[in-house]
Each structure stands twice: as C-alpha cells, then as structure tokens.
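Hi everyone, thanks for coming.

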Amino acid sequence: MLKRFGNFNKPRVFIYCFFVLGIIFTGAYDSSAFSMGEQVPNITQGELLDLNSLTTQWLNINGKLSAISLINGKIAVYEAEDGQLQNWVKTQEFGPSDILFTTFQVKDINNDGVVEIIAGTAEPGFIYIYKLNNGHWELFNYGKYVWSAITYIAVGNFGSEPGNDILVQNQEGSLYLLKLGENSLDLVWKSPTVWRPIVSGYAVDIDHDAQDELVVVYKTGGIGVLKIVNNAAVSVWENYLWGKVMTMTTGDWEHDGQPEVLLSTSQKVIYALGWNANGGYQFEGQWTELNYVIENFVFFQNNGNSQLLATDTAGKLHLLEYEATKKIWQEGYIVPTGRIAQIITADSKTALLWGYNRKLITLQTYPTQEIKLNYQSVDYQLIPAATFQKETLYLSPKALQEIPELNLTYKNNKTSFLITQGELKVEVLKKDLTVKVNNKLVPNTGLPIVANGELQLSLANYQSLFNLNLTFDAMNKLVLLKEKTNPSAE
C-alpha cells in the first residue's frame with residue numbers, strides 16, 4: 001500500500017548542518033527505540049580538528065563540548081564556538097614552565113560533581129591537578145612526585161574510603177597509589193617491585209563490592225585485574241587473549257544487573273569479562289563470528305536489547321545487537337565512515353565520531369517509516385515501511401502494487417510470495433527464499449528477506465527481476481523510481 005503525498009515539481013532545497021550539541025548530548029529527542037532493520041544511518045563529514053587523537057580527551061559541560069589535548073608537553077583546551085561542531089578555537093593552554101607533561105586523565109576525583117585534570121610530568125614525575133572554575137581551568141594541587149617520568153594514570157574508587165583514588169605508573173614500572181585529601185595529595189603506597197608496563201585500563205566494579213577494580217592491558221601482552229587490598233595494589237587475575245586488545249568498554253549485555261568488561265582483539269574476537277561468586281573472575285562470553293577487527297566500540301541498551309556501536313579497521317561503522325537465543329552479535333546496519341580514531345559519544349540514534357583524518361563525523365539515524373518513494377514527481381509513503389539491513393535497503397512489493405502505472409501485483413500465499421508484472425511472474429518460496437522467474441529457478445545475486453511476515457526485495461532485486469530502476473537518496477529519505485528504457489522481462 002502507498003500513501004500519496006502530492007506533487008513536488010519544485011526543486012527541493014535542503015539545508016544541512018552539524019548537530020547542535022543539545023541534540024547530541026542532552027537527549028533532546030524522542031527516546032523511543034527502534035528494532036533492528038528499522039533505522040537508516042546517515043553520515044555527515046564535519047570540521048577538521050587538527051589534534052593528535054592519541055593524546056586528546058573530550059569533555060561535555062552543560063552541553064558544550066571541549067577537546068583537551070596534550071601538545072608539546074602542555075595541556076591545550078579547544079572549544080567549538082556557538083555550540084556548533086565547527087570553528088574550533090583554543091581557549092586555554094597551561095602547564096609548568098620548566099617541565100613537560102607526559103600524560104593526563106580527566107576525572108572527578110573527589111566526587112564533587114566537577115571534573116579535574118590529573119596530569120603527570122617527565123622526570124621526576126610530578127603530579128598536577130587542575131580544577132574547572134567558572135569555565136576556566138585553575139591549578140588545584142601539585143608537588144607530589146614519583147621519582148621518574150609518569151607513563152600511565154588511572155582514577156577510580158579503588159579504596160574503601162569515599163572519593164576516588166589515583167593509581168600512577170612511572171617509566172621504571174613502579175606503581176603508586178595516591179589519595180586526594182582536603183588540602184593535600186597523599187602518597188598511600190608504592191609497589192615494592194616493578195610491574196609490567198600498562199598501556200590502557202578501565203576502572204569498574206566487576207565483583208560488586210562497591211570498590212572499583214582496574215582492568216589493565218599490558219604492553220607485553222595479556223590483561224590483568226588489579227584490586228586495592230589493604231592500601232596496596234594486588235593482581236587478582238590475569239589472562240592472555242587471542243590477539244592484541246584493540247579496545248574495551250563496559251556493559252550489562254546479559255541484563256542481569258552485573259556489568260562486564262567487553263574487549264575486542266586483533267583476531268576478530270569479542271570477550272566479556274565478568275565475575276560470579278562461584279568462579280570468581282572469568283570470561284562469561286566469547287564471540288568469534290565477526291569477519292572484521294573492531295578497534296572502537298561503545299555499549300548501550302536499546303528497547304531492552306544489548307547493542308554495540310563499533311568501528312572497524314576497514315573504515316566501516318557497525319550496529320550490533322545481541323541475539324540471546326542464538327548467543328551471537330547480529331549485524332544491524334553498516335555504513336562506511338573511513339577509519340575512526342575515537343567514538344566521542346553515542347547512543348541508539350546519534351553518534352559523534354572523530355576520524356583518523358582528524359575530521360569530526362556525525363551519525364544520525366532515522367526510522368525507515370520516514371522513507372518515501374518518488375515516482376513521476378510524486379512522493380508516496382511506503383506501507384509496509386522499508387527495511388535497512390547491513391548496507392542494503394529493502395522494499396516490500398506490497399508497497400508498490402498500488403501504483404497503476406507499474407502493473408505490479410503481489411500475493412502472500414501459504415508457501416510462497418507471488419509478484420507479477422504483465423507476463424512476468426516472480427515467485428519466492430518461503431521455506432528458503434529461492435526465486436523462480438516464470439517457473440524457472442534463477443541464481444540469486446542477493447536473497448530477499450521477510451520482515452513482519454511480508455516479502456522485502458533489495459533495490460538490486462527490483463533491477464534484476466523487474467523493469468524497475470530504484471536508487472536511494474539517504475540524505476533526503478527518498479527512493480527514486482524510474483522505469484527502464486525499452487523494458488523487457490529478464
């Protein structure tokens with residue numbers, strides 16, 4: 001069935017711009033969720049921000065996005081003018097005059113609702129803490145040092161006392177536990193021996209004791225779980241994964257109220273590290289069905305479903321949803337973006353990405369119900385709605401049969417779907433979706449699908465099976481339909 005929207009002979013003028021931060025970050029949009037296949041991704045290439053992705057972190061304060069970057073040993077803060085993702089300007093640059101910063105973290109270490117920048121320096125490894133005051137970063141605490149250049153900083157609620165702790169590793173491999181007091185930064189513990197170099201970590205309470213563990217990735221390979229016991233860091237679990245760890249995040253993918261740490265590796269594997277009272281720390285999930293390497297992902301819940309927004313090393317963005325009955329991650333949509341250095345923020349409908357080309361990229365999805373079909377300068381609503389799976393858009397013949405000029409009929413029979421156009425008869429068997437044209441089996445260049453009980457054909461199917469030429473304009477949410485010149489049944 002098609003719903004006609006009227007004649008649009010006038011040229012269409014479209015104005016497109018970057019998302020306002022209020023849309024991306026404050027959730028100021030309809031929060032209703034979509035099922036797989038009911039979203040269409042649309043990518044917009046944005047402004048160039050020429051910073052090093054390896055030394056840049058992002059901060060959103062009251063809907064205003066800041067990029068905080070380590071440049072030539074100083075902390076530089078960039079903000080987008082007028083709340084738009086363009087016209088980036090440097091608003092601050094700070095650091096000691098006689099020593100260079102080597103690394104930093106942006107965290108709220110005293111749980112006062114205001115984040116701090118915790119920065120470490122070259123030898124002898126001073127620690128500086130800056131606090132945000134009326135939109136301006138000010139020095140809050142400094143002076144403590146760890147006798148060597150600082151290579152890694154982690155912040156989390158590792159101890160039993162309120163407030164977050166700081167765990168630091170220096171170039172020699174020693175670990176230091178520090179606690180921010182009311183007026184001082186106190187050294188609580190120093191490791192008696194050196195540790196393997198840590199390249200990344202994630203602070204999360206895996207064993208549900210109200211204290212964070214630190215899941216770390218070691219430079220020499222393998223992962224570990226560090227826990228603070230009696231004011232000392234203890235390695236409580238270690239393992240070697242299949243491949244190099246590319247990224248990690250947290251998420252309650254099983255919906256049991258107990259979040260796990262999700263890791264992806266260079267061998268196309270996703271691991272889920274969790275904990276239970278009987279087995280302790282263990283892998284609660286391991287998936288090897290993907291045919292690409294994930295180098296960034298984030299987890300979120302959508303309409304009660306566990307989903308991952310992931311980017312791969314080939315420059316594509318994937319929406320994955322966990323299918324509990326099959327125990328696999330299924331592909332939703334796939335969209336080419338170029339390689340992505342960071343996923344800045346994401347949910348089930350929008351995302352802000354930063355490419356290796358140093359351009360900001362916005363993703364916005366819209367429901368397939370908004371896609372219309374344009375034929376002879378008239379826009380029609382598709383009923384039933386289109387379906388978008390992986391990189392392919394599908395339309396139901398049922399939605400096209402009411403255009404008289406197409407001479408198309410559609411029947412949903414007991415064992416097959418039947419579409420006719422003049423003397424052409426196309427039958428799709430329900431048991432395996434094989435296709436017959438005028439009672440002869442044809443090789444499938446792309447199988448149709450069934451959505452909500454109705455047959456859906458790809459645009460390529462319409463091109464190869466019928467005298468129809470359809471193209472999809474994702475930006476304008478239109479399927480453009482043209483009949484072939486000198487039509488003939490194939």
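Before we start, a word on terms: two strands pair if DSSP finds at least two bridges between them. Strands themselves are DSSP runs of E with at least two residues, numbered from the N terminus. What you see is a predicted model, where local features need pLDDT of at least 70, side-chain atom pairs count only at pLDDT 80 or more, and totals for chains, interfaces and linings use all residues. Residues are numbered from 1 along each chain as its sequence is written, and side-chain values use heavy atoms, leaving out hydrogens and water.

Now, strand E12 (residues 165–170) and strand E13 (residues 175–180) are antiparallel partners, joined over five bridges. Across that pairing, Asp165 stands opposite Lys179 in E13. Both strands belong to an open sheet of four, ordered E11-E12-E13-E14, with antiparallel pairing. At its edges are strand E11 (150–156) and strand E14 (185–190), each pairing on one side only.

Let's move to Thr103. Is this residue buried or exposed? Thr103 sits in strand E7 (residues 101–107), and it counts as buried because its relative accessibility is 17%, where buried means under 20% relative accessible area, exposed over 50%, and partly exposed in between, with a 1.4 Å probe and protein chains only. Leaving aside residues up to four places away in sequence, Thr103 touches Leu70, Ile118, Ala119, Gly120, Ile150, Thr151, Tyr152 and Ile153; contact means heavy atoms within 4.5 Å.

Finally, Tyr145 lies in strand E10 (residues 136–145). Tyr145 is partly exposed, at 35% relative accessible area.
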